[in-house]
Amino acid sequence: MLATTMRRAAQQGRRLLSDGLTAEGKIKSLPMVYIKGEEMTRYAAQLMLENWLEPHIDTSAWEFFDLSCAARDASNDQTLKDAVAAGAKIGAIFKEPTVTPSAEQVKEFGLSKPLPSPNGAMRRGWNGVTISRDTIHIDGVELGFKQPVLFERHAVGGEYGAGWKEVGKGRLITTYFPDTASFEGGEKAVIVDARILDNERNVAVVYHNPLDNVEALAHHFFSRTLKAGVTPYVVTKKTVFKWQEPFWAIHKKVFDENYKAKFLEKGLLENTGGELQHLISDAATMQIIRWTRGGFGMSAHNYDGDMLTDEVAQVHRSPGFITSNLVGVAADGSPIKEFEASHGTVSDLWHQHLRGEPTSFNPLGMAEAVMGALSHAADLSKDEETARKTHEYVTCLRRAMHNTFKYGQGTWDMAGPSGLTTEQFVEKVGNRLSKYLAQESDDEFVDPSASKPSVLLRRAAKQVDTDKVQELFAEFDTDSDGSISVAEFTEMMIKLGLAPPKEPGKESASRAKIDEGA
């Protein structure tokens, strides 16, 4: 009898394991790197780990690394080196927001020395190609853009790796020397630039833009925009900065040879004259404000991508409502993907928490990052059943989060003062997640007021100078009746440079400005 029972138990255990589950009923562990950060986001991520992840997923194959300032300082940054090495080996990474300490924070944290941003080491160690940043949408909740906006930011080059020196009057010569093999083959040194400095004080700056991986960036960009059904644009300032021409030329070649016919077939080039369209970065800045219908994607250099995606975040709602995903390439050619929230550590809420005050942190951006890392780990896995279970879990978690917002149970930035605190929101989503994983019904009432959360609920609204707003209102309320007519509103929009242009038929709203210098 005992032998029979043991055989049945063993068979049941094998069946569970073959179904992508452990003997305890959790989803089997897939290799993943989990990088811990700092302050409020670290606290919220720990709540997510304890309430959403560990009850349902075996995390024994995950590798955890602490990139808090204290841990990096104590290890002489060995913990960063170890995290980068693990990410290169495993390929699926979740990262909490981290702090790059200012001079004041070095003293505040008691660090032995300043610490560089970990992002540069990660991009180099993972052969970073692009940073994908996309708007997050919640069905039934109106945010800034009606349809998805996809963005690719070149992950290397530009001002971030610049060398510089403050110098006086004199001559400045920048010279390129070929590598040893090229030099021995007869290639000569080349003067890139020579100029006279006639100011008493100058800052000389040198940086370069690597081009070898732009083709891979272009393929990634066009594949994603085609799949998402949005219109692609390439953004540079090439009319003035002539050195940016190759970035556009590589994109254009890849597009025309591999993707143009597919985009035409799907009708995604109707507003761009049937061609891939180039946008001057100045025009892109304005169009992001105007194109609130969404349905477009942009690919840009490192710095332009950084600035423009910040603008996308603010138009959509806040940095917590766009994703951030570094895409690199492993030595064997497989994709390395690191996912994080696009916002910082939210230190103001952390200080409130330390004072014992209630907080209401919205973890949507971090949750999307966790889900992205889990999905990529599943995509890399050869264990089909575990991968399938992991994807099902991600679907349930996303549904649990989105429905919690739709039911009017969001954080204060979405639901107002009646919303949930940080801890209450995580608990509410966790309870709903457990229901969905168990395939139980969820009959909550959809709150109509949650469908269009006021912009005044945003934390950034607290920084608005209301006196200046009143002055601005009075300037355009020309008849002082306490309201603004359509004519007054139109005047205000034109003066602020926000008036939407007329739709010029089949062309883009910015086509007349596309190839003009600025």
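Analyst: Helices are DSSP runs (H or I, at least four residues), as are strands (E, at least two), numbered from the N terminus. This is a predicted model, so local features need pLDDT of at least 70 and side-chain atom pairs 80 or more, while totals for chains, interfaces and linings use all residues. Residues are numbered from 1 along each chain as its sequence is written, and side-chain values use heavy atoms, leaving out hydrogens and water.

User: Which residues of α9 are buried?

Analyst: The general idea: an α-helix has 3.6 residues a turn, so residues three or four places apart point the same way. Here, Phe247, Trp248, His251, Val254 and Phe255 are the buried ones. They cover an arc of only 135° around the axis, so they sit on the same side of α9; the arc is taken from the directions from the helix axis to the C-beta atoms.

User: What do the buried residues of α9 pack against?

Analyst: Contact means heavy atoms within 4.5 Å. The partners are β5, α8, β10, α10, β11 and β12.

User: And alanine 313, buried or exposed?

Analyst: Alanine 313 lies in helix α12 (residues 302-316) and counts as buried because its relative accessibility is 1%. Beyond its neighbours within four places in sequence, alanine 313 touches Ser318, Pro319 and Ile322.

Conventions: Buried < 20%, exposed > 50% of the residue type's maximum accessible area, 1.4 Å probe, protein only.
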